Amino acid sequence: MKYRIYVALILITIWQLIHYLNTFLIPSPYAVIKVLPHLLSDPLVLVDIRSTLIRIIEAFIISICFAVPVGLILGRFKKLYSSVSYILDFFRSTPATAIFPLFLIMFGVGDIAKVISAAFASFIIITFNLAEGIRHINKYKLLTLKVMGANNMEMIQKVIFWESLPHLFIGLRNGISTSVIVIVVTEMFVGTVSGIGKQIVDYQITYEIPSMYGMIFIIGTIGYLINRSIMYLEKNIVHWHNK
Amino acid sequence: MSVAIEIKNLGKVIAGKEIIKDLNLSISPGSIVSIFGPNGTGKTTLLNLISGTDPQYSGSIKKECAQRINVSYIFQNYRDSLLHWRNGRENIALPLEIGDSKDQIEIKEVIDEIALILDLKIDLSKYPYQYSGGQQQILSFARAIVTKPNLLLIDEPFSALDYENNLFLRECLIGYYEKYKPTIIIITHSIEEAVHLSHDIVVFSKLPTHVHEVIKNASPHPRGLDYLASPYFNDLKDKLLASFRDVTHI
């Protein structure tokens with residue numbers, strides 16, 4: 001903990017020094033900290049935060065609903081996985097924001113295109129991680145169940161589900177981070193009514209630089225807290241992992 | 001009712017290499033049989049074939065029993081076969097939850113009975129990663145016998161144990177055998193374990209594997225620790241060592 005504080009102090013010092021290079025484009029840490037209470041008490045900004053959070057959660061839930069069954073099936077059937085793995089790899093390597101214009105044409109400028117884009121990106125990541133996890137399940141655990149006479153459903157309930165959990169959590173953490181990125185970026189496109197991404201762009205256009213940094217800090221904190229929450233769940237649910 | 005096994009002309013090829021060739025073996029119901037031989041001669045492969053986890057082979061393996069055959073298999077990688085998200089008690093209960101699963105009260109009674117038979121002194125509320133290697137092996141053994149199998153397959157059961165726990169688990173196995181008289185097949189690299197536990201010691205040849213010799217041990221069970229100091233025990237050890245030297249030319 002002590003070293004974390006040192007690192008934070010060093011970074012703030014570097015930031016302060018860079019601020020002197022261009023005091024207009026790079027506000028001081030103090031200026032950004034000072035603007036945060038104003039942002040967080042502004043009802044319009046709170047609406048932006050709420051909109052972004054709802055979109056992230058919607059995208060994340062949709063991606064989990066599709067990725068878990070698909071990942072489970074792909075992980076269980078090797079031939080099927082090898083037949084479609086290149087598609088997963090292709091979309092894993094394609095920035096979801098590059099596909100967003102396609103979704104814009106398909107679903108219009110409303111929330112649906114944003115949520116679908118983020119859900120799609122998160123779905124690819126969670127599916128890949130889950131399928132990989134299931135493909136590498138310890139064979140002795142499966143053999144143990146096989147000798148006991150377990151059927152497919154019992155194999156899934158007693159072993160496969162649990163063995164895949166560590167990989168699923170890796171997918172969830174990467175998936176939620178990707179959802180946050182995609183949602184904020186898509187909010188920066190024209191036609192967005194509210195959202196942190198839209199607000200960042202608005203502050204940039206009006207040259208309210210400390211407020212722009214403040215909004216970046218807020219979305220960064222939201223992403224960090226969501227990630228830490230999943231890590232907390234992971235630590236408590238998958239307590240046996242790496243032991 | 002225990003299981004009789006008749007293996008005829010068994011053959012097994014792995015990755016183009018003939019591992020087992022024309023292996024013939026009769027295992028009497030209610031006997032303890034040790035498989036002894038050099039490394040890499042298909043001992044574990046044979047257990048996989050008998051257990052049904054590997055269904056691909058030539059020849060025949062006939063298992064006969066008047067009742068339903070109930071197989072338990074303790075793998076050499078006992079640590080990997082334990083479910084690390086279930087505590088000790090839940091791991092032992094696992095076979096009872098498969099198929100026509102029993103209710104919780106019944107499961108508790110069976111586990112308490114097993115704990116009594118094995119004189120388990122380990123805290124069953126702990127998770128497998130919180131146990132020592134020896135305790136994990138004892139846990140695997142407890143889980144294997146919880147359904148009272150009539151065919152028990154054990155792959156190097158005592159390899160990770162210190163001598164005290166090794167003797168303890170051998171006594172547990174003999175105690176379980178005395179009570180339920182199952183057919184037990186053990187793979188071991190220890191001459192002492194093989195002679196102490198078995199009615200028949202099957203010595204494997206080098207590859208491609210067949211039965212080199214079957215050494216009979218006529219001493220009745222239960223064989224206590226005094227048996228380890230008897231002249232007959234030492235004679236058999238010498239005989240097994242001579243047979244092993246025949247195979248390996250050491």
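How many residue pairs are in polar contact across the interface of domain 1 of chain A and domain 2 of chain A? The rule finds 1 such pair, with both residues at pLDDT 80 or more. A polar contact here is a pair of N or O atoms within 3.5 Å; within protein, one must be able to donate a hydrogen and the other to accept it, and residues adjacent in sequence count only if both atoms are side-chain atoms.

This is a predicted model, in which local features need pLDDT of at least 70, side-chain atom pairs count only at pLDDT 80 or more, and totals for chains, interfaces and linings use all residues. Residues are numbered from 1 along each chain as its sequence is written, chains are lettered from A and ligands numbered from 1 in the order written, and side-chain values use heavy atoms, leaving out hydrogens and water.

**View 1. Where domain 1 of chain A meets domain 2 of chain A.** Here 7 residues of domain 1 touch 5 residues of domain 2 (contact means heavy atoms within 4.5 Å). By class, the domain 1 side has 7 nonpolar, no polar and no charged residues (Ala, Val, Leu, Ile, Met, Phe, Trp, Tyr, Cys and Pro count as nonpolar, Asp, Glu, Lys and Arg as charged, and the others, Gly among them, as polar).

View 2. Searching the whole structure turns up 0 disulfides over all chains (a disulfide is a pair of cysteine sulfur atoms within 2.5 Å).
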